[in-house]
Amino acid sequence: MPYPARVNPHLERARAHSKAWAYGMDMVDVPQHGTVIWDEHDLDSHDYALLCAYTHPDAGGDELDLITDWYVWVFYFDDHFLELYKRTGDIESARTYLDRLDRFMPAEGEITATPENPVERGLTDLWARTIPHRSAAWRRRFVESTKALLEESLWELANINESRLANPIEYVEMRRKVGGAPWSANLVEHSVHAEVPDEIAASRPMEVLRDCFADGVHLRNDLFSYQREVQDEGELSNGVLVFEKFLGLTTQEAADAVNDLITSRLHQFEHTALTEVPGLFDEHGVDPAARAATFAYVKGLQDWQSGGHEWHLRSSRYMNEGALAGRGGPEPGGVTGLGTSAARIFTSVLATAPQRLRAYGHTPFEAVSPPRPRFEPPFPLRLSPHLETCRRRNVDWARRTGILDGVVWDERKLRAADLPLCAAGIHPDATADELDVTSDWLTWGTYADDYYPTAFGATRDLAAAKACNLRLSAVMEGAAPSTPLEAALADVWTRTTNRPDVRRAVDTMTSSWLWELANQAQNRIADPIDYVEMRRRTFGADLTASLSRSRAVPPELYRTRPVQALEHSAADYAGLLNDVYSYRKEIEFEGELNNGVLVVRNFLDCSEERAFEVVGDLIAARLAEFEHAADVELPALLRSHDLAPDLLREYVERLRHWMSGIVHWHENVRRYTEIELGYQPWSGRPTGIGTSSLRISSLLPAGR
C-alpha cells in the first residue's frame with residue numbers, strides 16, 4: 001500500500017447523518033419479505049461513514065454525508081439481494097427486481113416511478129441529490145456504472161445456481177462491474193469537484209487507471225471477505241477461491257498470489273499515471289485546469305485505495321481479527337497527515353521491490369526450450385474450396401503492392417506465413433473475391449505486425465511509429481500512399497465493405513502496437529491483466545471479427561455481457577494460442593517481451609514449463625467460457641429480449657470457424673518451424689555498421 005491513509009474530520013457528522021438516513025429509508029429493523037436485512041448493530045459495526053471518511057479524506061461535510069449515504073445504499077442493496085435472491089436462487093424474481101431499479105436512474109428528467117422498497121427509496125433520494133450537480137458526460141458514465149453494478153449481480157447468481165466457478169480472466173472482468181469500483185471512481189470525481197474531461201475519459205490511459213483502481217479495490221476486498229463469502233454465504237465470486245481452484249494452490253498460497261496481483265495492478269496504476277497520462281494531455285490539447293482536475297481525480301483514487309484498506313482492517317463485515325496489532329494508525333480522531341503512514345509506505349515499497357524489478361530485468365534473446373505445442377481445432381474444420389487460387393492471387397497482390405520489400409518480408413516469408421490458409425479456415429463459405437479480401441487483410445496485418453518492430457523497435461522511435469499510424473488512418477480517408485505498407489492498405493481498403501467497423505479495428509490494432517513498442521523500449525514485461533486486455537488489440541481480433549460480423553444483428557446486442565463474453569473469450573483463446581506457438585520465435589530470435597507465456601513466467605516467478613501449463617489451462621478455460629456463453633447465456637439473453645432463438649446462430653458459427661481456422665493455421669504453417677526461425681530476407685547481403693539503418697530507411701516515407 002504505497003499511499004498514505006488519512007481520515008476526514010467530518011466523520012462523526014457523517015455517522016450521525018447516515019444512520020438517520022438509513023432509518024428514514026426503512027433499511028434498519030424493517031423486515032423485507034419476512035427477513036430483517038440489517039439491525040442497528042449491523043449498521044453501527046459495519047461503519048460505512050468510517051469507510052467514506054477514509055476513502056474521501058478531503059471531502060466537505062455535505063459531500064461526505066452524500067457519499068456515505070451512497071455507500072450505505074450500495075451495501076444494503078448487496079445484502080438485500082443476497083437474502084432475497086442469492087440464498088433462494090430465484091433468478092427470475094431477481095431480474096424483475098433489477099429491471100425496476102432502472103426506472104429510478106434517468107440520465108435526464110424526473111423520476112416518475114413510485115419506490116416500493118428501501119433500495120428503490122434510497123436510490124430515488126440519492127439520484128435527486130446527486131445528478132443535478134454534474135455534467136451530462138458524468139451522468140452518462142454514472143448511469144452506466146450503476147447499472148453494471150446492479151445488473152451484473154445476475155451473473156453471480158447464475159454462477160451460484162450452476163455451481164460454476166469463473167476462470168481468472170472472466171472473474172477480473174466481471175468483478176469490476178459487480179464489485180462497484182468503477183461506480184466508486186465516478187463518486188471520487190463528485191467528491192473532489194473535478195470531472196475527467198469527456199474527450200479523454202474513454203481513452204486507454206484513463207480506462208487503465210480506472211480498471212487498476214477497480215482491481216486493487218476488489219481483490220483487496222476478496223482477501224478480507226474470503227471467510228464470510230466462501231465459508232458462510234457459499235459465494236463463488238471471490239478471487240482467492242478462483243486462484244485456489246484454477247492454479248491448484250492452498251488457500252494461503254492463493255491469497256499470496258492475489259496479493260501479488262494487487263501489487264502488480266498498483267504498479268500498473270503508477271506506470272500509467274506517470275508515463276501515459278501526460279502524453280494524453282498533449283495529444284488532446286487538454287487545458288491546465290482540466291489537467292489539474294484529472295490529477296485531482298487520480299489522487300482521489302489513491303486516497304480510496306489506502307483508505308479502503310484501513311476500513312477493511314476495522315469493519316466487522318470482514319475477517320480482520322488481530323490485523324491492527326502493532327500497526328500504529330491512523331485512527332479516527334487521532335493524528336492524521338502524510339507522515340503517519342510513511343513507515344508503512346516505505347515497508348510496502350521495499351517488500352514489493354523484487355516484483356517491480358523483475359518486470360524490468362529480462363534479458364532479451366535468451367535461449368529457450370519450449371515444449372512442442374499441439375492443439376486440435378475446437379470445432380469442426382472446413383476449408384474454402386478457393387484456397388489454392390487464393391494463394392496464387394495473394395502472392396501476386398503482395399508483389400504488386402510492394403510488401404515483398406526484401407527487408408521485412410520476401411516471397412519465402414510470405415509463403416511460410418500462408419495467410420490464405422488461415423482465411424480459408426476462418427471464412428470457409430466465402431466467395432473467391434471475399435476470400436481474397438480476408439486473405440489480403442490477414443497478410444497486411446501480419447506484415448504490419450512484423451514491420452513495426454523492424455522499423456521502429458530497434459531505434460525506439462515511438463514518434464515515428466505514431467506518425468506511421470496517422471498516415472495509415474489518412475490512407476483510409478483517401479490520402480495517397482507513399483510506402484508499401486500504405487499501398488497494401490489502400491488496395492485492400494477499396495475492396496472492403498464493412499468500412500466503419502474495420503476502420504475502428506485497424507486504428508485500435510495499430511495503436512496497440514505503440515504500447516508494445518513502449519514496453520520494448522522500457523524493457524518492461526507487462527502486468528498480466530493489462531497484457532491479456534491489450535493482447536486482444538495487438539492480435540487484431542477485432543479486425544478479423546469485424547470482417548465476419550453479421551450486420552443483420554441489432555448493434556445493441558453486441559454490447560451485452562453474453563456477446564462480449566463470446567468475443568473476449570474467443571480473442572483470448574486465439575491470442576494466447578499464438579503466444580504458445582510463437583514463444584521461441586519472439587523470445588529467442590526477436591528479443592520480444594510481449595508474450596503471454598513470458599508474462600506468466602514473470603508474474604508467478606515460475607519455470608518455463610509451469611508457465612506453459614498455466615497458459616494452456618487459460619486457453620482451455622477461455623474455450624469453456626465461450627461454449628458456456630454460446631450454449632447457456634446467449635439463449636437466456638435472447639429469451640429475455642423476446643428475440644428469435646436463432647438470431648445469433650450464424651454469428652456464433654462464424655466465431656467457431658474463426659477459432660478452428662486459427663488453430664489449423666498455427667499447426668500447419670512454416671512460420672514457427674525451426675527452419676524458418678532464423679531466416680531473414682537480407683540473409684547473405686552485406687552487414688556491418690550502417691547497413692541496418694539503411695535497411696530500415698528503405699521502409700519509411702521519403703524525407704524521414
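Okay, quick definition before anything else: when I say helix, I mean a DSSP run of H or I with at least four residues, numbered from the N terminus. Keep in mind that this is a predicted model.

So, with that in hand, let's start at helix H22. H22 is followed by Gly 478, and the phi of that glycine is positive, near 115°. The helix itself covers residues 462-476, which makes 15 residues. From its first C-alpha to its last it reaches 22 Å, close to the 21 Å you'd expect at 1.5 Å a residue.

Which residues of H22 are buried? The list runs Ala 464, Ala 465, Cys 468, Asn 469, Leu 472, Ser 473, Val 475 and Met 476. As for what covers them, that includes helix H21 (432-457), helix H23 (484-494) and helix H24 (499-522).

Asp 47 has a positive phi, near 55°, and it's a residue other than glycine. You'll find Asp 47 in the loop between helix H2 (40-46) and helix H3 (48-55). Ser 163 also isn't glycine, and its phi is positive too, near 55°. That serine sits in the loop between helix H8 (153-162) and helix H9 (168-179).

Now, buried or exposed: where does Asp 47 fall? Asp 47 has a relative accessible area of 15%, so it counts as buried, the cut-off being under 20%. Ser 163 comes out at 63% relative accessibility, so that one is exposed, given that exposed means over 50%.

While we're around helix H8, have a look at Ser 153, which lies in that helix. Ser 153 is buried, with a relative accessible area of 4%. Its side chain reaches the backbone oxygen of Leu 149 at 3.5 Å. And if you skip the neighbours within four places in sequence, Ser 153 is in contact with Phe 77, Phe 81 and Val 178.

Last stop, Ala 201. This alanine is in helix H11, residues 198-201. Its relative accessible area is 18%, so Ala 201 goes down as buried. What does Ala 201 touch, not counting residues up to four places away in sequence? That would be Arg 141, Val 196, Met 206 and Glu 207. Take Arg 141 from that set: along the chain Ala 201 and Arg 141 are 60 residues apart, and their C-alpha atoms are separated by 9.3 Å.

That's my tour, thanks.

Technical notes: Residues numbered from 1 in each chain as written. Predicted model: local features only at pLDDT ≥ 70, side-chain atom pairs only at ≥ 80, totals over all residues. Heavy atoms only, no water. Helix = DSSP H or I, 4+ residues; strand = E, 2+ residues; numbered from the N terminus. Buried < 20%, exposed > 50% of the residue type's maximum accessible area, 1.4 Å probe, protein only. Contact = heavy atoms within 4.5 Å. Polar contact = N/O pair within 3.5 Å; in protein donor to acceptor, adjacent residues only side chain to side chain. Expected span 1.5 Å × (residues − 1).
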